[in-house]
Amino acid sequence: MKNLQQLSKPDDEIFRLKAEFDKDSRTEKINAGIGIYLDEKGKPFILPVVKKAVKKLEIKNFNYLPLSGDPLYLEESAKIVLGKYLYQETAKKIAKQGTIGGTNALYMWCRLIKAVDNQPVIILSNPTWENHLKMFEYFGFKIIEYPQLKKDRSFNFEGLASTLEKNRSACILFQAGPTHNPTGINPDKSQWQELAKMIKQNKNQVLFDFAYLGLGEGIDSDSFCLRHFIQSKIPTSVAVSYSKNMSLYQHRAGVLMVSSSSIREKELIEKYLQNAFRLVNSNPSAFAEQIVKTILASKQLISEWLIEIRNIRNSLKKRRDMFMQKSSNRFEYLKTNRGLFSLLFLKIDQIHKLRKKYAIYMLKNSRINFGGVAEDKIKYLADAVLDVTT
Ligand SMILES: Cc1ncc(COP(=O)(O)O)c(C=O)c1O
């Protein structure tokens with residue numbers, strides 16, 4: 001094959017680190033890089049409700065699903081994301097496509113936007129998840145970044161507001177509730193309301209990335225932003241992932257939902273998504289959709305799921321609090337962070353030292369995943385961080 005040299009790109013940082021971590025034979029090692037939730041003891045975790053749902057599955061065949069995915073899965077997903085009230089009000093005008101996890105939902109949204117806008121512009125936070133940048137770059141979006149945090153490490157509302165002011169009618173990418181990857185900080189409710197006013201006036205359209213739905217403050221609270229935007233009649237899409245909040249990482253359950261102004265528009269969007277999806281994936285992940293559907297369609301299982309994700313939130317909070325305490329409160333700003341991630345604001349040589357001396361693996365932007373650190377390793381982590389920073 002010709003010209004292979006020009007295909008060469010740096011490896012994905014998260015998966016390269018994971019490969020290095022797997023090879024590391026030191027028993028004290030910690031992988032705080034990859035966004036996977038481990039239990040308090042640091043062991044791989046499958047939600048009990050997911051195990052129950054898998055046992056309950058009555059698989060009658062492995063035939064193809066409709067191109068959009070399992071209809072009940074799509075409906076139940078819309079109910080959970082929109083809440084019952086807004087679902088009843090708006091579901092008829094929300095286009096839905098089952099996707100191969102959240103990444104593919106983002107990808108399908110890019111396809112849709114590119115199909116209707118040859119020179120799309122996307123406003124997103126700096127920092128953000130690395131794949132966001134790669135994806136929008138790949139699709140030829142003009143990328144405009146706003147700084148997510150102020151000097152005091154709180155949400156930079158003014159920075160975002162002035163970026164919006166300068167870029168009317170662009171698309172904007174947000175993440176769910178407070179679970180921003182990698183900072184653990186996002187607008188609060190009153191800031192979301194202020195933003196909705198500006199966005200409506202400026203005629204922007206919004207894409208929410210719901211990769212960590214429920215892991216911030218709970219499903220309803222984390223979805224407030226999306227629901228408020230849809231209620232405000234802002235063109236809004238959401239890329240839903242069940243990888244994290246149902247521990248289905250390898251099974252690839254996702255949905256893309258796109259609000260529209262009429263049933264006709266909804267049908268056009270769905271048709272486009274089906275055709276585009278057929279071309280690259282042909283059919284959604286049926287096994288994953290079955291598991292999610294079994295949980296969401298059962299009153300009993302859904303209430304168990306909500307309790308289990310509350311336990312995950314509590315466990316994340318406990319680990320963050322322990323880290324703050326054990327590091328002599330040098331990281332007090334973490335108090336306001338939610339979700340799996342936070343930034344420790346370490347320098348690159350400090351991050352390298354953590355890996356070399358302590359077998360602690362962290363991304364180069366010093367993002368730490370508290371869900372990846374066992375409770376009994378928090379002291380080890382805090383001591384190591386204090387050592388490399390003092
Ligand atoms: C911000 C963000 N969006 C989307 C995703 C994609 O998740 P999935 O594994 O469902 O594709 C991730 C996964 O790490 C993420 O961190």
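Let me start with the surface. The accessible surface of the protein chain comes to about 18600 Å², and 53% of that area belongs to carbon and sulfur atoms. Please keep in mind throughout that this is a predicted model.

Now the overall dimensions. Along its principal axes, the C-alpha trace of the protein chain spans about 60 × 55 × 55 Å. A compact globule with 390 residues would have a radius of gyration near 21 Å, and the protein chain agrees because its own value is 21 Å. Of those 390 residues, 57% count as buried. In secondary structure, the protein chain has 13 helices and 11 strands.

Next, contacts along the chain. Take the contacts between residues at least 6 apart in sequence: 73% of them join residues at least 24 apart. Lys29 and Ile360 are 331 residues apart along the chain, yet their C-alpha atoms are separated by 5.7 Å. Leaving aside residues up to four places away in sequence, Lys29 touches Phe21, Asp22, Asp24, Ala359 and Lys377.

On charge, there are 61 positive and 40 negative side chains in the protein chain. The centres of these two sets lie 1 Å apart.

How many of the residues of α10 are buried? The count is 8 of 11, so the helix is mostly covered. Those buried residues are Ala288, Glu289, Ile291, Val292, Lys293, Thr294, Ile295 and Leu296. Note that Glu289 and Lys293 are both in that list. As background, an α-helix has 3.6 residues a turn, so residues three or four places apart point the same way.

Not counting residues up to four places away in sequence, Ile122 touches Trp109, Phe136, Phe141, Lys142, Ile143, Ile144, Cys171, Ile172 and Leu173. Ile122 and Leu133 are 11 residues apart in sequence, and their C-alpha atoms are 10.0 Å apart in space.

One of the residues touching Ile122 is Cys171, which brings me to the cysteines. A disulfide is a covalent bond between the sulfur atoms of two cysteines. How many disulfides does the model have, if the two sulfur atoms must be within 2.5 Å? The count is 0. For Cys110, the nearest cysteine sulfur is that of Cys171, 9.0 Å away, and Cys110 is in no disulfide. Cys171 is likewise in no disulfide, and the nearest cysteine sulfur to it is that of Cys110. Are these two cysteines buried or exposed? Cys110 counts as buried because its relative accessibility is 0%. Cys171 also counts as buried, with 5%.

Finally, some backbone details, starting with cis peptide bonds. One joins Asn126 and Pro127, with omega about 5 degrees. Pro127 is in the loop between β3 and α5, the latter being residues 130-138. Another cis peptide bond runs from Asn181 to Pro182, with omega near 15 degrees. Pro182 lies in the loop between β5 and α7.

Then there are positive phi values in residues other than glycine. Where is Lys203? It lies in the loop between α7 and β6, residues 205-210. Phi of Lys203 is near 60 degrees. Lys203 counts as exposed because its relative accessibility is 63%, over the 50% cut-off.

Phe345 has a positive phi as well, near 55 degrees. Phe345 is found in the loop between β9 (341-343) and α12 (348-358). Its relative accessibility is 36%, which means that Phe345 counts as partly exposed.

How values were computed:
Residues numbered from 1 in each chain as written. Predicted model: local features only at pLDDT ≥ 70, side-chain atom pairs only at ≥ 80, totals over all residues. Heavy atoms only, no water. Disulfide = S-S within 2.5 Å. Buried < 20%, exposed > 50% of the residue type's maximum accessible area, 1.4 Å probe, protein only. Helix = DSSP H or I, 4+ residues; strand = E, 2+ residues; numbered from the N terminus. Rg over C-alpha atoms; globule rule 2.2 N^0.38 Å. Contact = heavy atoms within 4.5 Å. Areas by Shrake-Rupley, 256 points an atom, 1.4 Å probe, with all protein chains shown as cover. Lys, Arg positive; Asp, Glu negative; His and termini not counted. Charge placed at Lys NZ, Arg CZ, Asp CG, Glu CD.
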